Amino acid sequence: MAQTFVIGDIHGAYNALMQCLERAEFNYESDHLLCLGDVCDGWPDTKRCIDELLKIKLLTYILGNHDLWTLRWMKTRIEEEIWRSQGGAATISSYAGGVPDSHIIFLEKALPYFLLGNRLFVHAGIDPEQPLESQDLSTFAWDRTLIQKAWTFLQNNGNHKLTKFDEVYVGHTPIPSPKPLRACEIWMMDTGAGWSGVLSMMNIDTKEIFTSDKVSSLYPGIEGRMKNK
């Protein structure tokens, strides 16, 4: 039976991506993978990660802020210092042999958000007071307000409906946890793969979680190149 999975920010960690896919016994032909963005920047294998994602028949890819930076570089070759210092240098190195057109197209076709029934998938967050169609990409790719509110409720053992959706899956903001956490109806999926945390993948129906080893252990001798997001 086909299954649907969501995965957090990969940040160039191909070894972690492969561990998650293998541990979930992911079927490239029949299973659906929802990526919450930021496949780019950080660890050294952005190109290999996108190559792997392109093999998946049922893939929904959501645009992250690091993907925006990378796409701008791919199209202009302008190396912004803020991007280089926050993982972009590793992405540039991964494309030493050139950038395939298919990778540019991959990021160009990425979605600002995705709805599956009444479940919302977005990289960073939304403004719950505004219709999705009236919000801009900077909110979807950068804004942390929603997850900060959810985190406050979690820390205070509280619960509150923050949006009109049954579930909202977000990446972007790393959490100090080795597995995804739910706060209110918000699932926080970024478990720090861009640094020394783990990459997390979850079956959205059964809520079974599959995590990689600590990413730093998968790249011995290489320091995490992310400073902040």
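A: The open sheet consists of 5 strands in the order β3-β2-β1-β9-β10, with mixed pairing. Here strands (E, at least two residues) and helices (H or I, at least four) are DSSP runs numbered from the N terminus, and two strands pair if DSSP finds at least two bridges between them. At the edges lie β3 (58–61) and β10 (209–211), each of which pairs on one side only. From one strand to the next, the twist averages 20°. This is a predicted model: local features need pLDDT of at least 70, side-chain atom pairs count only at pLDDT 80 or more, and totals for chains, interfaces and linings use all residues. Residues are numbered from 1 along each chain as its sequence is written, and side-chain values use heavy atoms, with hydrogens and water left out.

Strands β1 (residues 4–7) and β2 (residues 32–35) run parallel and are joined by 4 bridges; Ile-7 has Cys-35 in β2 as its bridge partner. Helix α1 (residues 14–23) packs on the sheet, touching β1, β2, β9 (200–203) and β10. The direction of α1 makes about 145° with that of β10, where axes are lines fitted to C-alpha atoms, for helices over the stretch in contact, and angles run from 0 to 180 degrees between N-to-C directions.

The largest nonpolar core has 42 residues, of which Leu-33, Leu-53 and Met-201 touch the most other members. Such a core is a set of buried (under 20% relative accessible area, 1.4 Å probe, protein chains only) Ala, Val, Leu, Ile, Met, Phe, Trp, Tyr and Cys residues joined through side-chain atoms within 4.5 Å. To this core α1 gives the most, with 6 residues. Beyond its neighbours within four places in sequence, Leu-33 is in contact (heavy atoms within 4.5 Å) with residues including Phe-5, Ile-7, Leu-53 and Met-201.

Definitions and conventions. Buried means under 20% relative accessible area, exposed over 50%, partly exposed in between (1.4 Å probe, protein chains only).
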